[in-house]
Amino acid sequence: MPKALAMISGGLDSTLAAKLIKDQGIDVIGICFKSYFFNEDSAVKMAKQINIPLFVIDISKEHFEMIKNPKYGYGKNMNPCIDCHSMMFRIAGESLLKHKADFIITGEVLNQRPMSQNKNALNIVKKESLVEDKILRPLSAKKLEPTKMELSGLVDREKLLDIDGRTRKIQMELAKKWNIIDYPSPAGGCKLTEPNFAIRLKDLLLNNKKIEERDILLLKYGRHFRISNDSKIISTRTEEEYHEVIKLLEEKDLVFFVEDFKGSTIIIIGDPSLEDILIASKICIRYSKADKDSLVNVKYGYFNQEPIKKVQATSITDDEIKMYILN
């Protein structure tokens, strides 16, 4: 029996593409990728709905290195989609032998995304993947040149589709027909496409010579402020965020809170000066229940230690905070 390796992104299109090929009597195995900027959660759910096995491949470090300097640049935010897709196809190509598969399936739809899924972009991805003769895009196959798999009869081209453009009507009809009812919206899933996250990531790449995994993970939480080249402030917005952030803190990090008033926990990441510590204290007051015009005591100390120092300050002003806030 022929075997295909389906790249399951976690969205509807890749799931439909895999189902379309599976219904031709071809054995389909799913693979998905996880990195610092997206995970496998949705892909796991989608694979279960069409009853195919799924293997997760962690590309975090390699993916991040590519993001620093993508060959084909970024999209609207920090999403290097062409480079990202090419990388995934290369890795999928390396997995063909491991899974004894004959070709790769992807859910890409011609012209669904104007910049990364036009015909030229799809051809670039094929070329950069190094496995271009083994890539099949079932949802738009009839709008593209026949592949080796179709010409050889391994896949029946007549049973493939000709979707073109941003319409979702055909996909939604197929989902209903195949009882695929729990699927995410087309947008989302990758943090790199989010404007606020992109601002934080640009700032991190600009200011940190040595970036650790936790620096990237911290970008997901709270409000972020760049107060100097050496220091950044994170202000937690909710109790849930607070519990996620403290999992990532180290003993070298300074933690601030307003004495006698509830409010946000403030953390300085980096090597702060005395001026940075004062700014952090003022931000701490702003996001607390304290009176913004009064002198307030702010305690601070190293993470996992008792607060040992105290600053008296007033809240940072609207004009001042605009100088530092990243989102």
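This report walks through a predicted model of one protein, from its overall build down to single residues.

## Ground rules

Since this is a predicted model, local features need pLDDT of at least 70 and side-chain atom pairs count only at pLDDT 80 or more, while totals for chains, interfaces and linings use all residues. Residues are numbered from 1 along each chain as its sequence is written, and side-chain values use heavy atoms, with hydrogens and water left out.

## The overall build

Let's start with the big picture. The protein has 12 helices and 11 strands; these are DSSP runs numbered from the N terminus, with helices being H or I runs of at least four residues and strands being E runs of at least two. Along its principal axes, the C-alpha trace spans about 80 × 35 × 35 Å.

Of the 327 residues, 51% count as buried. Here, buried means under 20% relative accessible area, exposed means over 50%, and partly exposed is in between, using a 1.4 Å probe and protein chains only. Then there are the contacts, meaning heavy atoms within 4.5 Å. Among contacts in the protein with a separation of 6 or more, 64% are between residues 24 or more positions apart.

## Two nonpolar cores

A nonpolar core is a set of buried Ala, Val, Leu, Ile, Met, Phe, Trp, Tyr and Cys residues joined through side-chain atoms within 4.5 Å. The largest one has 36 residues, and those with the most contacts inside it are Met7, Phe33, Phe37, Leu192 and Leu201. Two or more residues come from each of β1 (3-7), β2 (27-34), α3 (60-68), α4, α5 (119-129) and α8 (195-207). Helix α4 gives the largest share of this core, eight residues. Apart from this core lies another, of 32 residues, among them Ala18, Phe103, Val109 and Ala141.

Leaving out residues up to four places away in sequence, Phe33 touches Met7, Phe38, Asn39, Ile57, Ile59, Met88, Ile91 and Ala92.

## Cysteines without bridges

How many disulfides does a search of the whole structure find? The count is zero, where a disulfide is a pair of cysteine sulfur atoms within 2.5 Å. Take Cys84: the nearest cysteine sulfur belongs to Cys190 and is 6.5 Å away. Cys84 counts as buried because its relative accessibility is 11%. Cys284 is buried too, at 0% relative accessibility.

Asp203 sits in helix α8. Is Asp203 buried or exposed? Its relative accessibility is 8%, so Asp203 counts as buried. Its side chain makes a polar contact of 2.8 Å with the side chain of Arg226. A polar contact is a pair of N or O atoms within 3.5 Å; within protein, one must be able to donate a hydrogen and the other to accept it, and residues adjacent in sequence count only if both atoms are side-chain atoms. Beyond its neighbours within four places in sequence, Asp203 is in contact with Arg226, Lys232 and Leu326.

Gln112 belongs to a loop, the one between β4 (103-105) and α5. With a relative accessible area of 8%, Gln112 is buried. Its side chain is joined to that of Asp13 by a polar contact of 3.0 Å. Setting aside residues up to four places away in sequence, Gln112 touches Asp13, Gln117, Gly165, Arg166, Arg168 and Gln171.

Arg90 has its place in helix α4, which runs over residues 81-99. Arg90 is partly exposed because its relative accessible area is 27%. Not counting residues up to four places away in sequence, Arg90 touches Glu128, Ser129 and Leu130. Ala313 is 223 residues from Arg90 in sequence, and their C-alpha atoms are 55 Å apart.

Lys310 lies in strand β11, residues 309-313. Lys310 is partly exposed as well, with a relative accessible area of 49%. Its contacts, leaving aside neighbours within four places in sequence, are Glu259, Asn297, Val298, Lys299 and Tyr300. Phe257 is 53 residues from Lys310 along the chain, and 9.8 Å separates their C-alpha atoms.
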